[in-house]
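I opened the model today and kept notes as I went. The entries follow the order in which I looked things up.

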Amino acid sequence: YPLKRKFTMSSPAILQGGYVLPLSRSFTQMLLDIVAQKPPHRHPITGLTINFRDPEYSPETGGWHPVEIRLIPAGEDWQLDYVTDFHYAGHPWPELEKDVDVSWTQQYTWLSRFGDISHVDAREFWSLWESNFMAYHDMGVFTVRTLWES
């Protein structure tokens, strides 16, 4: 489907710094839609943490992994800081642990079963992960909460 763009010349962008992964337009637009909801603040914003949670996710029944995305301001734009995907691990008392950790500011991609992976592998992995995440987001499985840091 064609993506309807709401951008003007002064619209913010989502930046990646020196660690470039293939971001889809739908992922970028989702983030831009969230940052457009910035509430008025008396102090400068130092970061934005976005939490995506499936309220039904549990170690017993499964569900969609919680995801946390953090952005940091870069002038009028926003820089991706990290994306972390959590899962329950451990027996007999499972706890939420990192399953996937992608850091643009530290320039790495880490997977719980493999450790750090190469940038070439990270690009391929990111495309698959992001496609799945956006499909789940579009299905409405997540409760989304934002934390504006100042």
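Entry 1, helix α1. I looked up which residues of α1 are buried, where buried means under 20% relative accessible area, exposed over 50% and partly exposed in between (1.4 Å probe, protein chains only). I found F27, T28, Q29, M30, L31, L32, I34 and V35 on the list for α1. That makes eight buried residues out of the 11 in α1, so I noted the helix as mostly covered. Helices (H or I, at least four residues) and strands (E, at least two) are DSSP runs, numbered from the N terminus. I then asked what covers the buried residues of α1. The cover includes β1 (14-15), β2, β3, β4, α2 and β8 (143-149).

Residues are numbered from 1 along each chain as its sequence is written, and side-chain values use heavy atoms, with hydrogens and water left out.

pLDDT is the predictor's confidence in each residue, from 0 to 100. I read a mean pLDDT of 93 for the protein, with 93% of its residues at 70 or more. Over residues 1-8 the pLDDT stays under 50, and the model has eight contacts for them beyond four places in sequence; contact means heavy atoms within 4.5 Å. Where pLDDT is low, the predicted coordinates should not be read in detail.

A nonpolar core is a set of buried Ala, Val, Leu, Ile, Met, Phe, Trp, Tyr and Cys residues joined through side-chain atoms within 4.5 Å. The largest one has 32 residues, and M30, L31, F52, I69, L71 and F133 touch the most other members. At least two residues of this core come from each of α1 (25-35), β2 (47-53), β3 (67-74), β4 (77-89), β5 and α2 (119-139). With six residues, α1 gives the most. I also listed the contacts of L31 and, leaving out residues up to four places away in sequence, got I14, I50, I69, L71 and L80.

Rings of Phe, Tyr and Trp (its six-membered ring) pair if their centres lie within 6.5 Å; planes under 30 degrees apart count as stacked, over 60 as edge-to-face and the rest as tilted. I counted 11 aromatic pairs by this rule. F27 and F133 are an edge-to-face pair, 6.3 Å centre to centre with 70 degrees between the planes. F27 is in helix α1 and F133 in helix α2, so the pair ties together parts 106 residues apart in sequence. F27 is buried at 0% relative accessibility, and F133 is buried at 2%. W78 and W148 have ring centres 6.0 Å apart and planes at 70 degrees, so this pair is edge-to-face. W78 sits in strand β4 and W148 in strand β8, 70 residues apart. One aromatic cluster is formed by F27, F52, W104, W126, W129, F133 and F142.

The D101 side chain makes one with the side chain of T84 at 2.7 Å, and another joins it to the side chain of Y108 at 2.6 Å.

How values were computed:
This is a predicted model: local features need pLDDT of at least 70, side-chain atom pairs count only at pLDDT 80 or more; totals for chains, interfaces and linings use all residues. A polar contact is a pair of N or O atoms within 3.5 Å; within protein, one must be able to donate a hydrogen and the other to accept it, and residues adjacent in sequence count only if both atoms are side-chain atoms.
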